[in-house]
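Colleague: I'm new to this one. Could you walk me through how to read the ligand site and the pocket?

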Amino acid sequence: MPHRNHRPVRLGLTGGIGSGKSTVGHFWQAQGAALIDADQIARDVTGPQGAAMPAIAAAFGSDFVDPATGALDRTRMRALAFTRPEARAQLEGIVHPLVTLHSNLMAQQAADAGRTLIVFDIPLLAESGRWAGRLDAVVVVDCAAETQVARVMRRSGLSRETVEGIIASQASRTARRAVADAIIANDADCTLDQLHEQARQTAALFGL
Ligand code: ATP
């Protein structure tokens, strides 16, 4: 195990849908940071043979497990959460501790490998109190809602109404900015080069 004098900086990276946080996270990863993607872990633990699947089958029944793949039947679960909001909390009660566990393990591996910066990409960081205290600082990628709508419509083909609905279901821009130690402004007039330059300057504040 490499010798380390300092523990790595743990940086939370968040932003609304289409804000550009994955673009920033991947840039930092290319610069040498370890990138831990909370949504990807949540998808993995609810995927085929995922660590959450036995508890999900026990809590909701085998109808919620896709028989072909062994993964969570997301369509059925979305429908249930729509009619019974407490089902979402129950699912989160199973999935979130596993996301915490796996992200801690990944962070420990990154620290053992000598990484100086560990970035946690957490789309719903501002919505959840459970990350506070586990991070040294939070960086928010910020832009106007209209920019988010345009980017997501272009990328996914989703309708304006759907994207606006997702934005409305997420933390407000104000609430997200309130948890920020640093803000990267990624509005419609920001080029990718300018975004990368802001990301470079922000990461330098945290030792990358
Ligand atoms: P999500 O939460 O939906 O995963 P995100 O916040 O991770 O979104 P990205 O995936 O990084 O956002 O960016 C959304 C889209 O907008 C991508 O196609 C990305 O390439 C593009 N994009 C983001 N910022 C810029 C920019 N400054 N210039 C050009 N394209 C950009």
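Colleague: Let's start with contacts. How far is an oxygen atom of the ligand from a polar backbone atom of Ser 19?

Modeller: Keep in mind that this is a predicted model. The distance to Ser 19 is 3.1 Å. Gly 18 also has a polar backbone atom 3.0 Å from a ligand oxygen. With Ser 22, a polar side-chain atom sits 2.4 Å from an oxygen of the ligand. As for cover, the ligand has 630 Å² of accessible area on its own, and the protein covers 73% of that.

Colleague: Which residues come nearest to the ligand?

Modeller: There are 15 residues around the ligand, and Lys 21, Ser 22, Thr 23, Arg 155 and Asn 186 come nearest. By class, this shell holds 8 polar, 4 nonpolar and 3 charged residues.

Colleague: Which helix gives the most to that shell?

Modeller: Helix H1 (21-30) is among those supplying at least two residues, along with H6 (145-156) and H9 (192-205). H1 gives the most, with 3 residues.

Colleague: And how do I read a pocket?

Modeller: The general idea is that you roll a probe the size of a water molecule over the atoms, and this shows where empty space is left. In this structure, the largest pocket has a volume of about 1800 Å³. Its lining has 47 residues, with Asp 39, Arg 43, Arg 88, Pro 123 and Leu 124 closest to the centre. H5 gives the most to this lining, with 6 residues. The lining divides into 20 nonpolar, 14 charged and 13 polar residues.

Technical notes
Residues numbered from 1 in each chain as written. Predicted model: local features only at pLDDT ≥ 70, side-chain atom pairs only at ≥ 80, totals over all residues. Heavy atoms only, no water. Near = heavy atom within 4 Å. Polar contact = N/O pair within 3.5 Å; in protein donor to acceptor, adjacent residues only side chain to side chain. Areas by Shrake-Rupley, 256 points an atom, 1.4 Å probe, with all protein chains shown as cover. Helix = DSSP H or I, 4+ residues; strand = E, 2+ residues; numbered from the N terminus. Nonpolar A, V, L, I, M, F, W, Y, C, P; charged D, E, K, R; others polar. 1 Å grid on protein atoms, 1.4 Å probe; cavity = no way out; pocket = protein on both sides within 12 Å on 5 of 7 lines; lining within 4 Å. Points joined across faces, edges and corners; volume = space filled by probe spheres on them.
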